[in-house]
Amino acid sequence: MEPIKKAIPNLFTLANLSCGTVGIILSFQGEIETACYLIWLAAGFDFLDGFLARILKAQSEIGKQLDSLADLITFGLLPSILYYHMLVGKIDSPLEYVGVLIAVFSALRLAKFNIDENQTTSFTGLTTTANGIFTSTLPLIIVGNTFMSSFLANEWVLFTCAVVFSLLMVAPVTLLSFKFSSFSVKDNWQRFLLILLSIVLIVIFKTAAVPLIIVVYLLLSVVSQPVHKKVP
């Protein structure tokens, strides 16, 4: 039973990887929207593999490495390709390949995460999963005819998003983790507030809410950091 128990989280990790691989194939067949939704599905698998590993006490080194490899494909390479599809032909220079930065910085972020023992209740830098979800909403918003569509369709806005979010993944900024050690409101008020605001924003703005939620997440992470007073 023990080998089977340890294999269960890895099956969800492989499901994550499968979503990313299929998404890449579909993107080159013109199925951009489906590729975006596969990132969302993969994010669910990404949450479940870690959750099940903790519940079943089935954490393993191979699971940790497999998780990063899957995340690099699904939340690193696939978003890079989505940026390529959104920018190809719009910028008449090699700058249209700026999406490559997403894959490069995702690899750096995941490698740093694997050797950092301190990222348990918080993350250093934006996670690849959050960045992947953010990127996946851009094509959906652009074709969705929302109040943000024309703004996000601009090639230089997309270019800026690719650069800024690449840098955020390796920035020395402490961000909230959603690994609840307890359900105390006092200890988790930032997490509960983010969940509440996310629900409100989704109800109002639907898909267009996701970039706003990412911004709220970044702001909450920054303002909730403890202030260290200098001792005289």
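**Before selecting anything**

This is a predicted model, in which local features need pLDDT of at least 70 and side-chain atom pairs count only at pLDDT 80 or more, while totals for chains, interfaces and linings use all residues. Residues are numbered from 1 along each chain as its sequence is written, and side-chain values use heavy atoms, with hydrogens and water left out.

**Stop 1: the whole chain**

Select the chain and colour it by secondary structure. Nine helices and two strands make up its secondary structure; helices (H or I, at least four residues) and strands (E, at least two) are DSSP runs, numbered from the N terminus. Followed from the N terminus, the order of elements is α-α-α-α-β-α-α-α-β-α-α.

Of the 232 residues in the chain, 42% are buried. Here buried means under 20% relative accessible area, exposed means over 50%, and partly exposed lies in between, with a 1.4 Å probe and protein chains only. Among contacts between residues at least 6 apart in sequence, 74% join residues at least 24 apart, a contact being heavy atoms within 4.5 Å.

**Stop 2**

Select Leu14, which is found in helix H1 (residues 2–27). Leu14 counts as partly exposed because its relative accessibility is 39%.

Now show the whole of helix H2 (residues 32–55). Its 24 residues reach 35 Å from the first C-alpha to the last, close to the 34 Å expected at 1.5 Å a residue; the expected span is 1.5 Å times one less than the number of residues. Just after H2, select Lys57, which takes a positive phi of about 55°.

**Stop 3: helix H4**

Select residues 100–115. The 16 residues of helix H4 should span 22 Å at 1.5 Å a residue, and its end C-alpha atoms are 24 Å apart, which agrees. Which residues of H4 are buried? They are Ile102, Ala103, Phe105, Ser106, Arg109, Leu110 and Asn114.

**Stop 4**

Two packed helices are described by the angle between their axes and the distance between the axes. The axes are lines fitted to C-alpha atoms, for helices over the stretch in contact, and angles run from 0 to 180 degrees between N-to-C directions.

Select H3 (residues 61–87) together with H7 (residues 155–170). Their axes come within 10 Å and cross at roughly 165°. H3 is therefore roughly antiparallel to H7; angles under 35 degrees count as roughly parallel, over 145 as roughly antiparallel, 65 to 115 as roughly perpendicular and the rest as oblique. The crossing is left-handed, meaning that the near helix is turned anticlockwise from the far one by less than a right angle.

Tyr83, Met86 and Leu87 of H3 make the contact with Glu155, Leu158, Cys161 and Ala162 of H7. By class, this contact has six nonpolar, no polar and one charged residues. Ala, Val, Leu, Ile, Met, Phe, Trp, Tyr, Cys and Pro count as nonpolar, Asp, Glu, Lys and Arg as charged, and the others, Gly among them, as polar.

**Stop 5**

Select Thr135, in helix H5 (residues 128–143). Is this residue buried or exposed? Thr135 counts as buried, because its relative accessibility is 0%. Leaving aside residues up to four places away in sequence, Thr135 touches Pro79, Leu82 and Tyr83.

The contact is made by Ala130, Ile133, Phe134, Thr137 and Ile141 of H5 and Val210, Pro211 and Ile214 of H9. It has seven nonpolar, one polar and no charged residues.

**Stop 6**

Centre the view on Thr137 of helix H5, which counts as buried at 0% relative accessibility. Residues up to four places away in sequence not being counted, Thr137 touches Trp40, Thr207, Val210 and Pro211. Thr137 and Thr207 are 70 residues apart in sequence and 6.6 Å apart in space, C-alpha to C-alpha.

Finally, select Lys206, in the loop between helix H8 (185–205) and H9. Lys206 counts as exposed because its relative accessibility is 58%. Its phi is near 55°, a positive value in a residue other than glycine.
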